[in-house]
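Subject: Structure for you to look at

Hello,

Here is the structure I promised to pass on. Please open it beside this email and follow along.

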Amino acid sequence: MKVDGRWRRTIERDGDAVIVLDQARLPFEVAWLRLTTLDDVARAIRDMHVRGAPLIGAAAAWGVALALREGHALDHACRVLAATRPTAVNLKWALDRMRTARDAEAEAQRICDEDVAGCKAIGQAGLPLLRDGCNVLTHCNAGWLATVDWGTALAPIYAAHEAGMRVHVWVDETRPRNQGLLTAWELAQHGVPHTVIADNAGGHLMQHGRVDLCIVGTDRVLRTGDVANKIGTYLKALAARDNNVPFYVAMPASSFDASSDTVEIEERSADEVRAIAGIVDGKPARVRITEATVANPAFDVTPARLVTGYITERGVVAKV
Ligand code: MRU
């Protein structure tokens, strides 16, 4: 994808380090973070400087490579990284690959390159679902920023845009961390028309025929076909079903968890709900909006019965 008109990946090797686009500072500032140690990578994942299931996996892979260079044992590196975030199965998937890799750096690079190819394939697979002039609703950020390149849910939209199709995206704000602002930022970088909406607006827009289809990403698709994704996804799927709007999940192979039918839902800090990031007096700042007791479950599970189909690298798997 393009950042300020230049093609970049979200994670790139830079000599003995890796550099990542710092998503904790977007969309207010564009800054790259240099990661050189296991601790750097673990902190970047935990504090969401890098986020989005496929990118978490790719960053963890590089975390192992950097850890081995520092002299850490493989087991220790994998344990530290596995403990950073519990819901995205891509993290475990990447660490499993790193455990058996002969050359850690080559394997980390391969995971990144495969992610780019896989996301591009998801884009091509999902392209026939879109029509000229259509309106797509998406939740959270499952775009370029959440992967190494192209994104998952946004990949078909980028493919359509590249093919000259006019597509407009309704972007859910996605409280509490507002990943929708990341989606708006990257769509703007690429010139794709979009409108940010409050999370509560989607049902209304669907009722009034203003959404042709929903495409979301996923942190883990269980063997039942149930979909763990950013909190609020389930409500969108319910509204879509009630309004006969197709609801698609873009899903790379690394997000499929064939081994279980439950998932741990990450509970994040109350401060993410109590404060909101923005610009104050021209500078990035956080504003407290409540001191109340709050809960902050970061993901929910959408039952497979509400999913129209899964957009994979190999094509669209429709529900029967
Ligand atoms: O908490 P986040 O921002 O890492 O959550 C991201 C999501 O829920 C995405 O929709 C999901 O990881 C798919 S990204 C291609």
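First, a term you will need: a residue is near a molecule if one of its heavy atoms lies within 4 Å of it. Also keep in mind that this is a predicted model.

**The ligand**

Which residues are closest to the ligand? They are Arg51, Arg85, Gln179, Asn229 and Lys230, out of 18 residues that surround it. Three of these side chains are worth a look. Arg51 places a polar side-chain atom 2.5 Å from an oxygen atom of the ligand. For Asn229, an N or O atom in the side chain is 2.7 Å from a ligand oxygen. Lys230 has a polar side-chain atom 2.7 Å from an oxygen atom of the ligand. How much of the ligand does the protein bury? Alone, the ligand exposes 420 Å², and the protein buries 100% of that.

Domain 1 gives 36 residues to the contact, and domain 2 gives 41.

**The cores**

Now the inside. The largest nonpolar core has 70 residues. Ile11, Ile45, Leu81, Leu130, Val136, Ile157 and Ile215 touch the most other members. Helix H2 (residues 53–70) supplies the largest share, with 12 residues.

Take Ile215 as an example. Leaving out neighbours within four places in sequence, its contacts include Leu130, Val136, Tyr248 and Ile311. Another core, of 21 residues, lies apart from the largest one. Leu205, Val216, Val221 and Val249 are among its members.

**One serine**

Last, find Ser254. It sits in the loop between strand S12 (247–250) and strand S13 (256–257). Is Ser254 buried or exposed? Its relative accessible area is 9%, and buried means under 20%, so Ser254 is buried. The side chains of Ser254 and Asn90 are joined by a polar contact of 3.0 Å. Not counting residues up to four places away in sequence, Ser254 touches Val89, Asn90 and Trp93.

Best wishes

Methods. Residues are numbered from 1 along each chain as its sequence is written. This is a predicted model: local features need pLDDT of at least 70, side-chain atom pairs count only at pLDDT 80 or more; totals for chains, interfaces and linings use all residues. Side-chain values use heavy atoms; hydrogens and water are left out. A nonpolar core is a set of buried Ala, Val, Leu, Ile, Met, Phe, Trp, Tyr and Cys residues joined through side-chain atoms within 4.5 Å. Buried means under 20% relative accessible area, exposed over 50%, partly exposed in between (1.4 Å probe, protein chains only). Helices (H or I, at least four residues) and strands (E, at least two) are DSSP runs, numbered from the N terminus. Contact means heavy atoms within 4.5 Å. A polar contact is a pair of N or O atoms within 3.5 Å; within protein, one must be able to donate a hydrogen and the other to accept it, and residues adjacent in sequence count only if both atoms are side-chain atoms. Accessible areas come from the Shrake-Rupley method with a 1.4 Å probe; for residues, only the protein chains shown count as cover.
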